[in-house]
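Me: I'm new to this one and would like to go through it step by step. Could you start with the terms I'll need and then walk me through the model?

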Amino acid sequence: MSGFNHERIDERPPCTKLGFCLTADLTGNGREDVIVGGAGEGFPGKGIVWEAERRGVPTGPIRSAMGIGEANLFWYENPGFERHEISFTPSLDVGGAVGDLTGSGGPNIVAGQGIDNTGLYWFEPGQDPRGRWSRYRITDRFEKYHDVAVADIDDDGEPEVVGLSQESETVFYYDIPSEPRRSPWDEEHLHIIDEGREVEGLAVRDVTGDGRTELVAGPNVYYRDPDAVNGWCREEIVSGWDNTRVEVADLDDDGELEIVLSEGDSPHLGTRPGRVAWFDPPDWDENVIADELFCPHSLAVEDFTGDGLLEIYVAEMGLGKHGEPRHFLFYNREGEFERETVETGIPTHEAKVVDLTDSGRPDVVGKSYGPDHHVDVWFNRL
């Protein structure tokens with residue numbers, strides 16, 4: 001990557017179909033560690049192990065006998081990126097988030113299962129995150145949790161668990177109960193925001209700047225409205241966009257937040273090559289900056305150059321169909337964006353932009369989705 005140094009931190013992760021990539025300081029050393037979760041498809045005897053797990057039968061002896069000894073939720077310790085196990089939980093999907101669910105000040109992980117599965121879980125480390133983690137079930141009411149977040153969506157001063165269920169076509173959130181380790185969480189904590197809507201991409205922000213938090217779910221903004229069904233009203237900012245990733249930021253330095261979308265699964269699941277655009281309030285004027293990409297499922301907004309202006313980072317998947325996946329930086333030229341291809345040939349999915357070295361410069365960490373599997377870091381040298 002031009003201006004970056006690439007390092008492959010894991011050539012052979014312990015599972016396949018890697019769904020999400022997160023970062024958090026798990027050790028308290030001031031460095032962001034890397035967390036990866038996946039479905040773990042493709043190993044012999046998968047069905048037997050998954051069914052045992054579903055029934056609550058300990059899978060350790062079964063996995064040991066079948067030579068399946070490692071987790072499909074794991075983390076890499078920074079610096080050095082030594083890998084540690086968190087959990088063996090079937091069929092984790094793209095939906096993953098980090099937040100404090102216990103009030104202890106430490107990071108927990110929320111992760112949901114994918115297609116044909118209904119579990120949404122949270123994970124708590126012991127005193128040493130390198131050791132055993134505990135798993136708790138939030139709900140099994142919905143199917144395929146593509147995006148989740150831990151954020152204060154209702155402005156009550158407490159975080160909630162927010163989720164998008166694609167197969168159940170539901171946008172929802174849970175208040176965190178006073179005893180979050182009691183599984184599953186009672187239905188009284190559940191709030192439905194919208195139903196009958198299949199979307200991707202999630203952001204919880206005060207989009208309008210009025211001091212009240214909104215939810216961006218795909219190409220939609222949800223506002224709290226006591227007179228609306230479920231207490232939320234929806235504004236569609238654009239129609240005809242497929243399976244979007246979402247970012248919210250003030251790109252043109254006008255004091256208002258813009259919404260950035262990329263069609264992360266197009267053309268693989270969409271109707272056209274993938275587009276990237278930012279939408280300017282209050283009328284959500286569309287500004288397309290790319291329209292010929294292959295599954296740009298990594299989207300981030302950050303000041304990469306240190307000039308005080310926000311750049312847009314986008315990267316393509318491979319999926320065994322795109323032999324030369326690309327990474328792009330769209331440099332911010334005072335509201336206009338100039339594209340540079342900064343990497344070619346390394347597929348990534350759900351990459352995150354974060355300072356891994358405490359240099360004050362944002363780096364990139366990501367992993368492939370499939371069919372090949374690897375975890376990569378690009379250290380910022382801009």
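Reply: A residue counts as buried under 20% relative accessible area, as exposed over 50%, and as partly exposed in between, with a 1.4 Å probe and protein chains only. This is a predicted model, in which local features need pLDDT of at least 70 and side-chain atom pairs count only at pLDDT 80 or more, while totals for chains, interfaces and linings use all residues. Residues are numbered from 1 along each chain as its sequence is written, and side-chain values use heavy atoms, with hydrogens and water left out.

Me: Okay, how many helices and strands does the chain have?
Reply: The chain has two helices and 28 strands; these are DSSP runs numbered from the N terminus, helices being H or I with at least four residues and strands E with at least two.

Me: And how compact is the chain?
Reply: Its radius of gyration is 20 Å, close to the 21 Å from the globule rule for 382 residues, so the chain is as compact as a globular protein of that length. The radius is taken over C-alpha atoms, and the rule is 2.2 Å times the number of residues to the power 0.38. Along the principal axes, the C-alpha atoms fill a box of roughly 60 × 50 × 40 Å, and 56% of the 382 residues count as buried.

Me: Switching to charges, how many salt bridges does the structure hold?
Reply: It holds 21 salt bridges, where a salt bridge is a side-chain nitrogen of Lys or Arg within 4 Å of a carboxyl oxygen of Asp or Glu.

Me: What does Arg-245 pair with?
Reply: Arg-245 forms a salt bridge with Glu-200, and the closest N and O atoms are 3.7 Å apart. The pair links distant parts of the chain, 45 residues apart, with Arg-245 in strand S18 (residues 244-249) and Glu-200 in the loop between S13 and strand S14 (202-205).

Me: Is Glu-200 buried or exposed?
Reply: Glu-200 counts as buried because its relative accessibility is 4%, and Arg-245 is buried too, at 8%.

Me: What about Glu-187, which residue does it bridge to?
Reply: Glu-187 has a salt bridge with Arg-141, in which the closest N and O atoms are 2.4 Å apart. This pair also links distant parts of the chain, 46 residues apart: Glu-187 is in the loop between S12 and strand S13 (190-195), and Arg-141 is in the loop between strand S9 (133-139) and strand S10 (145-151). Glu-187 is partly exposed at 40%, and Arg-141 is partly exposed at 44%.

Me: What is the phi of Ser-91?
Reply: Phi of Ser-91 is near 55 degrees, a positive value in a residue other than glycine. Ser-91 sits in the loop between strand S5 (82-87) and strand S6 (92-99), and it is buried, with a relative accessible area of 10%.
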